[in-house]
Amino acid sequence: MERNLLEKKDTDSLNNLEQIKNRISELVPSYWTGKTVKEIIETIRQEFPKSTNADVMYRQFPDTINNTFFQCDIVSELPFFRILDSSPDLYYSDSIIISNSCDIQEHKRIYSPKVLFSKVITWNNYQKELAKCGAAEKSIQTFYSNLIKNQYTSFFYLPKLEDEDNKVILEESVIPLDHVSYIPSNDLYSMYSTKYLSDNDNGDKIASLSNYGFYLFLMKLSVHFCRFGEKIDRNEFLDLS
């Protein structure tokens, strides 16, 4: 069973959440200044830890800077491997880039860095997978209720994104952070377009997260990959005499 981020009783959890909001609002990147800092702090206080509001979760970069891929870009049909019938199988899925932006830019290097990304699965498809695995309808509803509050350490929730004409750009989705793959950065740039699908028929970028979405996603990555959660003193296994 997934570990809940807020494990105390309800009243303690609410107090803890307010403390978290206050602390997080102090931890903004140094390159965010003025209006941006004010806006992100206000959004954190209103929304954290939820990611259900598409208006504050997404933004689209202008063409003047949209000639590259960024961390938290959602890209169409990136490659994954799985084992089927004891043999490797290649398939493709919409995904979100989790590598740091500066690590995946097109620069001349002595090596080609790998771009890490996590699978983006529509909630409609994911709940079908849960049902196929034997999950009861009530359990799926409970999972969804916690998911949209971002209370699981290994899942991130994405709300449905629509354009001005109410055309769906991205369905309501879930990101399982333990479902990760990679592609060399030079292959990403040679095989995929940095243009948005909504603007260009040949585009491969579905959406990008806003400052708040980016900030919240990094918080979730930090909790998922870097928390001290094993409750093991590794010195206990060493003979230090």
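Leaving aside residues up to four places away in sequence, Gln71 touches Ile97, Ile98, Ser99, Asn100, Ser101, Phe214, Leu218 and Leu221, where contact means heavy atoms within 4.5 Å. The model is predicted, so that local features need pLDDT of at least 70 and side-chain atom pairs count only at pLDDT 80 or more, while totals for chains, interfaces and linings use all residues. Residues are numbered from 1 along each chain as its sequence is written, and side-chain values use heavy atoms, with hydrogens and water left out.

**Exercise 1.** Locate Gln71 and decide whether Gln71 counts as buried or exposed.

*Solution.* Begin with the chain: Gln71 sits in the loop between strand E1 (58–59) and strand E2 (73–84), strands being DSSP runs of E with at least two residues, numbered from the N terminus. Next, take the accessibility: Gln71 counts as buried because its relative accessibility is 10%, and buried means under 20% relative accessible area, with a 1.4 Å probe and protein chains only. Finally, look at the side chain, which has a polar atom 2.9 Å from the backbone oxygen of Ile98.

**Exercise 2.** Work out the order of the strands in the sheet that contains E9.

*Solution.* First, recall that two strands pair if DSSP finds at least two bridges between them. Two bridges join E5 to the antiparallel strand E9 (residues 173–176), with Ile121 partnered by Val174. Four bridges join E6 to E9, again antiparallel, and here Phe156 stands opposite Ile175. The three strands therefore form an open sheet in the order E5-E9-E6, whose edge strands are E5 (121–122) and E6 (155–158).

Definitions and conventions
Buried < 20%, exposed > 50% of the residue type's maximum accessible area, 1.4 Å probe, protein only. Polar contact = N/O pair within 3.5 Å; in protein donor to acceptor, adjacent residues only side chain to side chain.
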